[in-house]
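Here is a short briefing on the structure shown below. Read it with the model open.

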Amino acid sequence: MKSLAELAAIKDRMKQNATMREDGDNATRIVVGMATCGIAAGARGIINAVTTELAKRDLEHVTVAQTGCIGMCRLEPIMDVIVPGQEKVTYVHLTPEKVAKIISDHVVNGNVVAEYTIGAYENE
Amino acid sequence: MELYRSHVLLCAGTGCVASGCHAVSDAFEAELKAVGLEKEVKVVHTGCFGLCALGPIMIIYPEGSFYAQVKAEDCKEIVDEHLLKGRIVSRLLYHETVCEEEGLKSLSETGFYKKQTRVALRNCGVIDPEVIDEYIGFDGYAALGKALTEMTPSEVIDVIKASGLRGRGGAGFPTGLKWEFAAKAEGDQKYVCCNADEGDPGAFMDRSILEGDPHAVIEAMSIAAYAIGANQGYVYVRAEYPIAVHRLQIAIDQAKEYGLLGTNIFETGFDFDLEIRLGAGAFVCGEETALLMSIEGNRGEPRSRPPFPAVKGLFGKPTVLNNVETLANIPQIMLKGADWFSSMGTEKSKGTKVFALGGNVTNVGLVEIPMGITLREIVEEIGGGVPNGKKFKAAQTGGPSGGCIPAEHFDVPIDYENLAAVGSMMGSGGLIVMDEDNCMVDMAKFFLDFTVEESCGKCSPCRIGTKRLYEILEKITSGNGELEDLEKMEMLSNHISLSSLCALGQTASNPVKSMYRYFKDEYKAHVIDKTCPAGVCKDLLKYVVVPEKCIGCTVCAKVCPANCISGAVKQVHEINQSECIKCGVCMEKCKFDAIIKQ
């Protein structure tokens, strides 16, 4: 390495580390239900889709966590998107394709994908 | 870069290595593989988190769950429950982080971390010290880049001077001033050296920084070299720190590979190379002139000053010699500015200080506090107090060169001046807590025993004086002391301080002086009453049976290794004092508290 630009490039590449190990609440949290019911319904594929999508888009300040059974096993795989300062949005019956749309529309652009939310499902 | 959804930070500092973190790490990675999570979860081996008493320590992000005393057997449960199913294993959590109403409490809210400010230790327990990219990801080498491309050497020195940073090795000399002297000194060749010869018993700040964040020291030395015009540096580290040496060598190799050490760094024409020099573990080599002697390949003995190393140091050339912790502060000061640093601390002592907390305290470990908080806050809040319901008696700072701070000065704000005023010193940062069961004559003897062993022998006040002083203390603890011995002890202590060649001798009698100053009654009890109030000095105590409590169970007689307890079953027993070796086993084993120390 010979220049400051190269140093900055490495720093950029490593920034997820810094976000991940921060002790703060300013990150968007994506929480995937990973109890037996969730795993059986395919939550493992969902969490992989989330991380792949985040890496592809190089998103900062987003953390991925998992949680246990939310209680609505029939709606699994379930995922919460919690943007700081906003109400939690719960998405149900997820597929990797739906995840991609949620990340681009909701996490990146701030538009909740209403059709995939639990509210939309219950109105059917 | 691959994105991991979870980072598992596992402490791999010396403390946790000793408590078995390698076995935990192996088991953990095997479990991850078994459930196919190795591509989703990243395991990072870091430096010291500070809470060594609870090692091996594991933190899992993004939740920030702090698992303490993790065993290899626990790994399956953590992987299956936490990482696979997202259920935190609460039985393994550090109890302070569990709070009933809100569930998991942030680590920075716990008593141990709440009052800490981590500057020198900022990356310890956060990054993998063996991966240079991790350091760079946390602003690493940005300070060096800034200094080389945007600032002149004298501007760098001005920033360090304005920050108020003082040497963390113990003496507290202003770092910026030291750099300025070396920069102004005439010489065709100059050197930057790092003093990592940490020798105080109970001190391990420098070791932890080298283990947890070696690149910070390398970066700081490069900045110092630029400021004074040096192109060669040496880190003098003791061979007894194998993990620190190993990681530092990896860090140096990586920095060279990246062109952050070597020639034409950041295309500015600045050259700097760095090498490790291993010390054999002589305490005197922590003294700056002896250390430089040792790097030159000579016997590690001090010489008189002036000339100071800044003018005439290594190989007779101008040399800056800084302590590890001092250096670890430098990159942050360069990045965040002098004002940020000087906003912490007291009027004359700026910034933070790392202490190795040990002795009779609950949270044994490594802490970094802003200057000016009180000893009480360190011991009671951060340290969790004295265990087993015992009373705080005194704290020793500065190791064998420092002094004790008694309970009456418990509220003294910690900085260089205040500690000196109460007869102790900052020292390199060892802080040993003593409770009511510690005998202050015995403690003074312990520290003096260390300096007697470690005196290099070059000057007679230290070589002979400390030995004679030790003999006086031995006489007192064995019950043969006379009143005039106390006078002699005081006089000799002062003579040694005044006439020794280097700091080792000049400070050797500090523990004796300060402990006598605050605990005169205890010394007098040894001499006049021939008793040891704390019940430590064996020659001055005896074990006796309390007849009213003894039921004659015969346990004491059975366990006595000297066979000196006699008595029939269901009869009161008796200890034969002339045969007793005072091992204390009988008192420990008696279920009826019928044996006491007198």
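This is a predicted model: local features need pLDDT of at least 70, side-chain atom pairs count only at pLDDT 80 or more; totals for chains, interfaces and linings use all residues.

- Chain B contains 24 helices and 20 strands.
- Its radius of gyration is 27 Å, close to the 25 Å that the globule rule gives for 598 residues, so chain B is as compact as a globular protein of that length.
- Along the principal axes, the C-alpha atoms of chain B fill a box of roughly 90 × 65 × 40 Å.
- Buried residues make up 54% of the 598 residues of chain B.
- Take the contacts in chain B between residues at least 6 apart in sequence: 71% of them join residues at least 24 apart.

**Chain A**

- Chain A has 6 helices and 4 strands.
- Their order from the N terminus is α-α-β-α-α-β-β-β-α-α.
- The C-alpha atoms of chain A fill a box of roughly 60 × 30 × 25 Å along the principal axes.
- Of its 124 residues, 34% count as buried.
- Among contacts in chain A with a separation of 6 or more, 66% come from residues 24 or more positions apart.

**Where the chains meet**

- The contact involves 28 residues of chain A and 32 residues of chain B.
- On the chain A side, the elements that give two or more residues are helix 1 (4–13), helix 2 (15–20), helix 4 (43–57) and strand 2 (62–67).
- That side of chain A has 14 nonpolar, 8 polar and 6 charged residues.

**Helix 9 against helix 11 in chain B**

- Helix 9 (residues 205–212) of chain B packs on helix 11 (residues 242–257) of chain B at an angle of about 35°.
- The axes of these two helices are 8 Å apart.
- The crossing of helix 9 of chain B with helix 11 of chain B is left-handed.
- Helix 9 of chain B contributes Arg207(B), Leu210(B) and Glu211(B) to the contact.
- Helix 11 of chain B contributes Ile243(B), Ala244(B), Arg247(B) and Leu248(B).
- By class, the residues of this contact are 4 nonpolar, no polar and 3 charged.

**Helix 12 of chain B, an enclosed helix**

- In helix 12 (residues 288–295) of chain B, 7 of the 8 residues are buried, so this helix is largely enclosed by the rest of the structure.
- The buried residues are Glu288(B), Thr289(B), Ala290(B), Leu291(B), Leu292(B), Ser294(B) and Ile295(B).
- They pack against strand 7 (191–196), strand 8 (232–238), strand 10 (270–279) and strand 11 (319–323) of chain B.

- Ile476(B) sits in helix 18 (residues 460–477) of chain B.
- Ile476(B) is buried because 26 other C-beta atoms lie within 10 Å, and the cut-off for buried is 20 or more.
- Leaving aside residues up to four places away in sequence, Ile476(B) touches Val441(B), Gly481(B), Asp485(B), Tyr523(B), His526(B) and Val527(B).
- Val311(B) is 165 residues from Ile476(B) along the chain, and their C-alpha atoms are separated by 46 Å.

Notes. Residues are numbered from 1 along each chain as its sequence is written. Chains are lettered from A and ligands numbered from 1 in the order in which they are written. The radius of gyration is taken over C-alpha atoms; the globule rule is 2.2 Å times the number of residues to the power 0.38. A residue is buried if 20 or more other C-beta atoms lie within 10 Å of its own, exposed if 12 or fewer, and partly exposed in between; C-beta atoms are placed from the backbone. Two residues are in contact if their C-beta atoms, placed from the backbone, lie within 7 Å. Axes are lines fitted to C-alpha atoms, for helices over the stretch in contact, and angles run from 0 to 180 degrees between N-to-C directions. A crossing is left-handed if the near helix is turned anticlockwise from the far one by less than a right angle, and right-handed if clockwise. Ala, Val, Leu, Ile, Met, Phe, Trp, Tyr, Cys and Pro count as nonpolar, Asp, Glu, Lys and Arg as charged, and the others, Gly among them, as polar.
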